There are 2 protein chains.
Amino acid sequence: MTRFEPNLRIPGPTPLPPSVREAGARQMINHRGTDFSALLGRIQLGMRPFFGTTGDIAILSCAGTGGLEAAIVNTLSPGDAVLGVSIGAFGDRFASIAEAYGAKVDRMAAEWGWAAAPDEVRERLGRGEYRAVLLTHNETSTGVMNRIPELAATIREASPGSLILVDSVSALGAVPFELDAWGIDLVVTGSQKAWMAAPGMAMIAASERGWAAMERAKMPRYYLDLRRHRASLANGETPWTPAIAVAFQVDEGVRLMNEEGKAAVFARHAACAAATRAGLEGLGFELFADAADRSLTVTAAKIPEGFEWKPFNTELKARGLVVAGGQGKLTGKVFRVGHLGAVSVDDILGAMATLEEVSIQFGRDVVPGHAVEAAERAAVAAHGAGAAAG
Amino acid sequence: MTRFEPNLRIPGPTPLPPSVREAGARQMINHRGTDFSALLGRIQLGMRPFFGTTGDIAILSCAGTGGLEAAIVNTLSPGDAVLGVSIGAFGDRFASIAEAYGAKVDRMAAEWGWAAAPDEVRERLGRGEYRAVLLTHNETSTGVMNRIPELAATIREASPGSLILVDSVSALGAVPFELDAWGIDLVVTGSQKAWMAAPGMAMIAASERGWAAMERAKMPRYYLDLRRHRASLANGETPWTPAIAVAFQVDEGVRLMNEEGKAAVFARHAACAAATRAGLEGLGFELFADAADRSLTVTAAKIPEGFEWKPFNTELKARGLVVAGGQGKLTGKVFRVGHLGAVSVDDILGAMATLEEVSIQFGRDVVPGHAVEAAERAAVAAHGAGAAAG
């Protein structure tokens with residue numbers, strides 16, 4: 001059966017809403033003029049509630065990984081002791097970047113599929129002094145979401161002098177984040193995740209302590225120098241030519257998010273996550289992540305022993321469903337369904353329908369309609385809860 | 001008089017052709033899939049003739065300045081002696097990046113408005129040993145274009161061991177470039193210049209010697225690590241999520257350039273440059289750059305003593321003409337007209353008409369129609385020459 005547009009269910013890039021697509025087609029403007037500075041101002045204002053900050057948000061033209069590098073090189077000096085709390089491939093990457101620039105990184109690695117335990121973090125902080133602790137908010141490789149407020153409170157208490165640097169590339173905007181209230185020193189997110197725009201921009205906010213650390217940090221930097229970004233921001237500019245078309249899209253994405261409202265955005269993500277989990281379980285897949293800390297933006301399911309994933313996935317693609325495979329050591333062991341950004345429960349139901357059809361084709365034991373029913377029921381239950389909480 | 005679309009005559013971002021705009025509105029795709037790898041392959045093939053290389057071209061998601069940083073950090077080690085040949089603001093920036101990462105940079109600065117003299121470069125190379133020489137192909141701040149083949153030959157002869165790193169951000173694609181034949185070790189260009197796409201991508205090619213240098217270089221790097229880019233390229237991927245929408249546009253821009261043909265693209269740029277110079281002189285403006293080395297992609301004109309540039313420029317903008325002011329120490333001293341990328345002689349004639357109208361409004365002594373006539377005559381003369389050469 002033909003589907004007229006692929007159902008892009010990877011954890012970023014996420015699909016673009018129609019008005020965001022149109023924004024990507026706009027003619028270029030002078031990035032040193034009033035139209036661009038107005039746009040930059042709108043992005044600032046529109047993003048602040050989602051970051052939970054009243055401070056500046058630097059807009060960098062790079063991927064999320066560039067944003068993680070900016071987090072490291074702007075706040076640290078070679079030789080600094082850093083605790084890299086990793087629960088998967090992106091936590092490992094964050095730590096590797098710090099090492100590439102000469103930090104002394106101790107790694108605290110959770111078993112993949114599990115969140116970081118605050119008690120273990122406390123214990124590690126008791127063993128040494130760390131200039132910074134690196135945290136992953138949402139681990140895209142495993143589908144696990146760390147409890148950032150609890151972890152941050154633990155770090156603040158156990159090691160008040162440590163900077164808390166958070167990779168929230170695939171979470172911020174889709175779930176609550178409160179930079180100021182939680183005492184986070186720096187957070188990174190990316191345009192192609194919750195923000196519903198094309199990839200190419202990383203957004204970074206910092207606490208006053210975070211900004212102050214940048215004045216002392218000695219790691220070399222130029223393109224990603226956040227001090228330059230902050231200084232330019234005061235003039236409604238970026239220090240280097242920005243990815244203008246991506247900025248047009250981010251501007252529109254943020255407008256849509258504010259129009260929808262923060263609580264409604266979060267409730268929609270919670271409903272889509274619940275629907276995805278219920279649907280995949282209804283199809284007989286076992287979820288990879290520990291039930292207590294499953295991600296609200298991406299779900300990983302185990303590929304059963306002996307299951308031929310490659311031809312199965314080829315057929316999914318042929319029917320218009322694009323999911324992600326496993327990353328790093330999970331390659332061939334899990335597949336991942338993204339549910340962040342411009343996603344509605346309809347998209348999840350459609351994904352489950354395609355998975356069901358292909359499962360039947362491949363002789364898996366599924367009951368037609370069951371997964372879709374389970375997904376929709378979970379969505380209604382979650383959305384009711386989310387709407388009440390909002 | 002209303003103009004229905006601004007005439008964006010700054011030296012980047014350059015205007016997008018209609019089909020490039022449409023490409024910017026495409027729906028996202030999986031950057032780890034076959035559609036994206038095919039796109040990356042097309043960009044490679046389409047760009048190689050313009051780079052004058054048969055080797056790999058790394059596609060980075062960043063501004064041109066990020067590309068310059070990649071050139072430095074991938075080929076050099078802290079403490080390396082570098083000769084920074086600067087003829088303006090961008091040459092200064094290239095040298096500053098090298099300094100930020102610990103290179104020992106000797107600066108050879110030409111007076112702004114002049115090209116780098118091969119004899120002076122030879123003389124400087126005789127005084128010390130340099131791991132690398134930094135060159136600017138087109139200096140956007142002054143409207144001067146260096147003679148890269150002559151400079152490269154001089155360096156090769158006087159200091160065979162020095163790497164030749166070239167900033168051709170605002171030239172490559174618009175004018176001849178022959179990485180392999182000229183013995184250039186690394187060159188950087190940017191999507192928003194000759195390539196007719198939005199900003200957000202830097203493209204880098206290197207010689208075998210350049211790639212080999214990357215194995216020994218000790219400057220810290222991660223996001224801009226060209227070794228990772230080259231390794232991913234072999235799998236039809238980029239190491240980090242690429243700026244997909246910009247890649248869609250670059251793909252279409254390169255297609256248009258190859259459809260037009262290299263010689264025709266160069267002839268068009270030569271004609272637009274000739275028209276701009278003749279038109280501005282016809283309006284009574286003195287050109288800033290030395291006549292022997294005027295840029296083929298951007299022209300700088302002096303703001304006459306006592307001339308009120310700000311209200312004049314405000315009126316230009318009100319009438320839909322967007323030009324660039326001076327940069328760095330030329331702020332308030334020159335204005336610049338960009339003529340690269342998707343530019344035709346019509347656009348230049350239109351720009352001259354607007355400049356003429358506003359000149360009359362401001363009481364400047366101009367003869368109606370004279371500048372436009374001079375511009376068109378120069379374009380025809382240059383284009384004839386360019387077409388014959390092509």
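**Rings and a sheet: a short tour**

Hi everyone, let's begin with a group of rings: Phe285(A), Phe307(A), Trp309(A), Phe312(A), Phe335(A) and Phe362(A) together make one aromatic cluster. Before going on, please note that this is a predicted model, where local features need pLDDT of at least 70 and side-chain atom pairs count only at pLDDT 80 or more, while totals for chains, interfaces and linings use all residues. Residues are numbered from 1 along each chain as its sequence is written, chains are lettered from A and ligands numbered from 1 in the order in which they are written, and side-chain values use heavy atoms, leaving out hydrogens and water.

Over all chains, the structure holds 22 aromatic pairs. Rings of Phe, Tyr and Trp (its six-membered ring) pair if their centres lie within 6.5 Å; planes under 30 degrees apart are stacked, over 60 edge-to-face, and the rest tilted. How are Phe50(A) and Phe266(A) arranged, stacked or edge-to-face? Their centres are 6.1 Å apart and their planes stand at 85°, so this pair is edge-to-face. It links distant parts of the chain, with Phe50(A) in helix H2 (residues 34-51) and Phe266(A) in helix H11 (residues 262-282) of chain A, 216 residues apart. Helices here are DSSP runs of H or I with at least four residues, strands are runs of E with at least two, and both are numbered from the N terminus.

Phe50(A) is buried at 1% relative accessible area, and Phe266(A) counts as buried at 16%. Buried means under 20% relative accessible area, exposed over 50%, and partly exposed in between (1.4 Å probe, protein chains only).

Over in chain B, the rings of Phe307(B) and Phe312(B) have centres 4.9 Å apart and planes at 65°, so they are edge-to-face too. Phe312(B) is buried, at 0% relative accessibility.

Now for charges over rings, meaning NZ of Lys or CZ of Arg within 6 Å of the ring centre and within 35 degrees of the ring normal. Arg26(B) lies over the face of Phe248(B), 5.3 Å from the ring centre. Arg228(B) does this with Tyr222(B), at 4.2 Å.

Last, the sheet. In chain B, four strands form an open sheet in the order S1-S12-S13-S11, with mixed pairing; strands pair if DSSP finds at least two bridges between them. Which strands stand at the edges? Those are S1 (7-9) and S11 (298-302) of chain B, each with a single partner strand, so one side of each has no neighbour in the sheet.
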